[in-house]
Amino acid sequence: MKSRLRPAIAGLVLALGLVGCSSSTDTTPSAAETTASGPVVTISGMAYSPASLTVNVGDTVT
């Protein structure tokens, strides 16, 4: 009995692992979530724009 159960359990664990790894979640914020006041930094072509930005004491960076 145990010899038949082990492959079934191994298959179940493998299937659950594959399902857990294959689920995708879109983490890109929607347009409503990207509202910002002040300077905005973007990344394009592996470069930041603007290249530098000064942050004052007390400023909130998100």
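Reader: Which pattern does the protein follow when it is read along the sequence?

Author: This is a predicted model, and the protein in it contains 1 helix and 2 strands. Read along the sequence, these elements give the pattern α-β-β.

Reader: Which element of the protein has the highest mean pLDDT, and which has the lowest?

Author: Over the protein, pLDDT averages 76, and 66% of the residues score at least 70. Among the elements, the highest mean, 91, belongs to β2, while the lowest mean, 73, belongs to α1.

Reader: What percentage of the residues of the protein count as buried?

Author: A residue counts as buried when its relative accessible area is under 20%. The protein has 62 residues and exposes about 6,100 Å², of which carbon and sulfur atoms supply 61%. With that cut-off, the share of residues that count as buried is 0%.

Reader: Is V41 exposed or partly exposed?

Author: V41 is placed in the loop between α1, residues 2-22, and β1, residues 42-44. Exposed residues have a relative accessible area over 50%, and buried ones under 20%. Because the relative accessibility of V41 is 42%, this residue counts as partly exposed.

Reader: Which residues make the nonpolar surface patch?

Author: The patch covers about 620 Å², and one of its members is V41, the residue in the loop between α1 and β1.

Reader: Which residue is joined to P50 by a cis peptide bond?

Author: P50 lies in the segment after β2, which spans residues 47-49, and with a relative accessible area of 36% P50 is partly exposed. The peptide bond in question has an omega of about 0° and is cis, and the residue that it joins to P50 is S49.

Reader: With which residues is P50 in contact, leaving aside its neighbours within four places in sequence?

Author: V40, which is found in the loop between α1 and β1, is 10 residues from P50 in sequence, and their C-alpha atoms are 8.3 Å apart in space. Contact is judged on heavy atoms within 4.5 Å, and V40 touches both S49 and P50 when residues up to four places away are not counted. Seen from P50, the contacts are V40 and V41.

Reader: What distance separates the C-alpha atoms of V40 and L53?

Author: Along the chain V40 and L53 are 13 residues apart, and their C-alpha atoms are separated by 9.4 Å.

Reader: What is phi of M46 near?

Author: M46 is found in the loop between β1 and β2, and because its relative accessibility is 84%, M46 counts as exposed. Its phi is positive, in a residue other than glycine, and is near 60°.

Terms used
Residues numbered from 1 in each chain as written. Predicted model: local features only at pLDDT ≥ 70, side-chain atom pairs only at ≥ 80, totals over all residues. Heavy atoms only, no water. Patch = residues over 30% accessible without salt bridge, like charges linked within 9 Å, V, L, I, M, F, W, Y side chains within 5 Å. Areas by Shrake-Rupley, 256 points an atom, 1.4 Å probe, with all protein chains shown as cover. Salt bridge = Lys/Arg side-chain N within 4 Å of Asp/Glu carboxyl O. Helix = DSSP H or I, 4+ residues; strand = E, 2+ residues; numbered from the N terminus. Buried < 20%, exposed > 50% of the residue type's maximum accessible area, 1.4 Å probe, protein only. pLDDT = per-residue confidence, 0-100.
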